[in-house]
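Good morning, and thank you for coming. Please look at the structure on the screen, and we shall go through it together.

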Amino acid sequence: MPFTTPLRSPGIALGYLLIGLLLLLILTLLLLLVSAPWSWLSFFWGVALLLSVLAFFAVSFWTSALGVARYAVEGDALHLSWGRRQHTIPLAAITHLDRGEGYRLASWRGVRWPGHALGVGQLLQPDGTARPLTTYATRPLAEQQLLFTETEAFGLSPADPAFAQQLQPLVDAARASGVPAGPVRATLGPRHSPIWFDRAALALLNAGLVLNLALFALLAATVGSLPATVPLHFDTAGNVIRSGSGTSLLLLPVAGFLWWLVDGVLGAAFYRGGQRAVALLVWAAGTLLQAVAWVAVLLLIT
């Protein structure tokens, strides 16, 4: 049965280069945060560090996904696999194959860098009509191998130039058999989870993160002007029983951020298990905890 991988160069090499550059940026931002006195600028360094870490894991994930990507005919279907994202296309559902020359993109969104293009868009055909396009490719549209069904198109960039010639007879045989084609099946991965379209869930998660980052910003701006020691803990009578430096207060938003991560993962586990109400309750409790941290910090610095 036909089997091949996408053309992996230069996509993987550039992916590893991006990983290295992001790692260097992360280390630089960490040094800036550790060596410079706390100020408003420290807050922005911290936000940049957070974004850099997220970008590092995203690029690492998609680079490794390209490393195991494949196109394979198994049984009566063509399987397109790119990490956790997969499409299974019945051979009988493929109407025809064509090269990408003469086609244009009306729109496209996804994960892309030179040698890596995974996403969806609208394909403009030579007759001016458009149809949905799903791309599992590492080359520009003009260099892709296009597969068409009745309703959509798929863009591939097989490393084996004979892949299309091997696939065409199997498609012809499947269509000639008269067996009805089943539906195209897709596994789109965590980025397409229903949670991303749930406004209540996103509102609670974003509220917790915004409260936490705002607390970081407040302390970054004020910690330099605080006294050498500030009260950190009180007894039931309101007497100070423990003091420390102003920078010790930063442990509160740090702990709050770690809890936001744990709270998000815990709620997501309930959400995936079909317990949306429990997940919302978990995230609401996490947001309330961030608000409590705000009250605690205001009481300590005023």
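Predicted model: local features only at pLDDT ≥ 70, side-chain atom pairs only at ≥ 80, totals over all residues.

In the hairpin of S2 and S3, which residue takes a positive phi? The residue is Gly75, with a phi near 70°, and this hairpin has 2 residues between the strands. Most residues other than glycine have a negative phi.

Residues are numbered from 1 along each chain as its sequence is written, and side-chain values use heavy atoms, with hydrogens and water left out.

Let me begin with the chain as a whole. The chain contains 6 helices and 13 strands; these are DSSP runs numbered from the N terminus, helices being H or I with at least four residues and strands E with at least two. Of its 302 residues, 40% are buried. Here buried means under 20% relative accessible area, exposed over 50%, and partly exposed in between, with a 1.4 Å probe and protein chains only.

We now return to the hairpins. Strand S2 (residues 70-74) runs antiparallel to S3, and 5 bridges join them; two strands pair if DSSP finds at least two bridges between them. Glu74 stands opposite Ala77 in S3.

Why is S3 described as largely enclosed by the rest of the structure? The reason is that 6 of the 6 residues of this strand (residues 77-82) are buried. Ala77, His79 and Ser81 point one way from S3, while Leu78, Leu80 and Trp82 point the other way.

Leaving aside neighbours within four places in sequence, His116 is in contact with Trp62, Leu66, Trp82, Val111, Ala137 and Thr138, where contact means heavy atoms within 4.5 Å. His116 is buried, with a relative accessible area of 1%. A polar atom of its side chain lies 3.2 Å from the backbone oxygen of Val111.

Strand S7 belongs to an open sheet of 6 strands, in the order S5-S9-S10-S8-S7-S6, with mixed pairing. Strand S5 (96-99) and strand S6 (104-113) are the edge strands, each pairing on one side only. Within the sheet, strand S7 (residues 116-124) and strand S8 (residues 130-137) run antiparallel and are joined by 8 bridges. Gly121 stands opposite Leu133 in S8.

Let us turn to a helix. Helix H4 (residues 199-222) has 24 residues and reaches 34 Å from its first C-alpha to its last, close to the 34 Å expected at 1.5 Å a residue; the expected span is 1.5 Å times one less than the number of residues. Its buried residues include Leu205, Leu209, Asn212 and Phe216. An α-helix has 3.6 residues a turn, so residues three or four places apart point the same way.

Finally, consider a peptide bond. Ser9 and Pro10 are joined by a cis peptide bond, with omega about 10°. Pro10 is found in the loop between strand S1 (3-4) and helix H1 (11-35). Most peptide bonds are trans.

Note on methods. Polar contact = N/O pair within 3.5 Å; in protein donor to acceptor, adjacent residues only side chain to side chain.
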